[in-house]
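Hi,

Here is the structure I promised to pass on. Have a look at it first, and then read my notes below.

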Amino acid sequence: MKHSFKTRLYRLWRYFYNFDYVLIFALLSLFVINGFIQYSANDQVLTRIYNDVGYMIFSFIIMLVIAGINYNRIRASAIPIYIVSLILIVLVLIIGVKVNGARRWLNLGMRIQPSELCKISVPLLVAYVLSAKPMAVKAWQFTLGILIILIPFALIAKQPDLGTAILVFAAGFFVLFFAGLPWRIIIGSIILVICSSPLIWHMLKDYQKHRVLTLIDPQSDPLGKGYHIIQGMIAIGSGGIHGKGYLHGTQIHLNFIPEKHTDFVITVLAEEFGYIGVCVILSIYLLVALRGLRIMRLATDRFSQVMAGSITMSFISYVFINMGMVSGIFPVVGVPLPLISYGGTATIVLMVGFGILLSIDHHNRYDKV
């Protein structure tokens, strides 16, 4: 049956009309801010900026492509994506590139960090398992979900990359939580972790123990383990209300801040734009989170609800942990600030998550019309 040109034009308009452009605009705003901040963080050297812009454009295109795919097709790919991510993590442990004592990357012509892929593959498979039955979630589904989470968690922690392992665990846990994981299991697990804390402490590596001890008293080693936290807090405090002005951050450009383009990138914003700049970026993060929670609330089936909830809560966790880490509330565990820190694999994976989120929203709206 042929459709008139007017009908096809209307369908095309309706297809593009039903995207969440507020969310897309908020993400674009973060990319623009990223460009300015990275230019300053890299001392106005453009080489790394070109790579970062390339990753951003590539990841944004991937997000739009995934947003146009029906999320049920993505759901059907959950098992192969999970298996591929596990194989890549195992390969990292065998032939991965070792940097500063950690084996976290694969060199495939370009360096990639496969553990980042688990931030999507783990919640995707857990959501797939929990939505396999239309009725109430069974105990075996929760048990299988926990197993799906713990395997990559253990492999990533062995690299060692405890920060990414925790984020992968959190992404999977959020799926279980939104699917209705009983509170008695959650509270029981928390009590178990507290009771096991001496054993967990014994299993930590020396540098991880130092990070925790430094958090309690950074001044105990101001030129060593406490250097990151102390310099980060000085940069944040020295910015004041309005900041010192773009490209005029002294802590930044005199190289007092290590990793200023990655994990500690918020210090660049705080020193040069002050608390006003930090509030602006927090407002954009809040807008992204609210749009994500709105998509979760309007989702029409269990898979899309728990997946949207996991992606949104994971995003909030990244922001919360990174800012807590830089301001001395949490130990330094190597968590980047979403879409602002430099990092190709992390940016691409994050935008894949937003692509799934947009797909859920788009197809729920489009199918209703």
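Predicted model: local features only at pLDDT ≥ 70, side-chain atom pairs only at ≥ 80, totals over all residues.

Residues are numbered from 1 along each chain as its sequence is written, and side-chain values use heavy atoms, with hydrogens and water left out.

Three strands make an open sheet, in the order 1-2-3 and with antiparallel pairing. Strand 1 (97-99) and strand 3 (111-112) are the edge strands, each pairing on one side only. Helices (H or I, at least four residues) and strands (E, at least two) are DSSP runs, numbered from the N terminus, and two strands pair if DSSP finds at least two bridges between them.

Strand 2 covers residues 102-107 and pairs with strand 1 in the antiparallel sense over three bridges. You can find Val97 with its bridge partner Trp105 in strand 2, and Lys98 with its partner Arg103, also in strand 2. The two strands form a hairpin with two residues between them, and Asn100 in the turn has a positive phi of about 55°.

Which helix lies across strand 1 and strand 2? That is helix 5 (residues 78-95), running at about 110° to strand 2. The axes behind that angle are lines fitted to C-alpha atoms, for helices over the stretch in contact (heavy atoms within 4.5 Å); angles run from 0 to 180 degrees between N-to-C directions.

Leu91 lies in helix 5. At 33% relative accessibility, Leu91 counts as partly exposed; buried means under 20% relative accessible area, exposed over 50%, and partly exposed in between (1.4 Å probe, protein chains only). Leu91 also belongs to a nonpolar surface patch of about 620 Å², together with Ile79, Ile83, Ile87, Val90, Ile94 and Ile95. Patches are made of residues with over 30% relative accessible area and no salt bridge, where like charges are joined within 9 Å and nonpolar side chains (Val, Leu, Ile, Met, Phe, Trp, Tyr) within 5 Å. The areas come from the Shrake-Rupley method with a 1.4 Å probe, and for residues only the protein chains shown count as cover.

**Salt bridges**

How many salt bridges does a search of the whole structure find? Five, taking a salt bridge as a side-chain nitrogen of Lys or Arg within 4 Å of a carboxyl oxygen of Asp or Glu. Among them are these:

- Asp20 and Arg291 meet through their side chains at 3.1 Å, N to O. The pair links distant parts of the chain, 271 residues apart: Asp20 is in the loop between helix 1 (5-17) and helix 2 (21-41), and Arg291 is in helix 14 (residues 266-298). Asp20 is buried, at 1% relative accessible area.
- Lys260 and Asp43 meet at 3.3 Å, N to O. Lys260 lies in the loop between helix 13 (250-253) and helix 14, and Asp43 in the loop between helix 2 and helix 3 (46-67), so the pair ties together parts 217 residues apart in sequence. Lys260 is buried at 7%, whereas Asp43 is partly exposed at 34%.
- Asp361 pairs with Arg294, the closest N and O atoms being 3.7 Å apart. Asp361 is in helix 16 (residues 344-368) and Arg294 in helix 14, so parts 67 residues apart in sequence are tied together. Asp361 is buried at 3%, while Arg294 is partly exposed at 24%.

**Two more residues**

Leu298 is in helix 14 and is partly exposed at 34% relative accessibility. Its C-alpha atom is 9.2 Å from that of Arg365, 67 residues apart along the chain.

Tyr207 sits in helix 11 (residues 206-216) and is partly exposed, at 30%. Leaving aside residues up to four places away in sequence, Tyr207 touches Arg104 and Pro160.

Cheers
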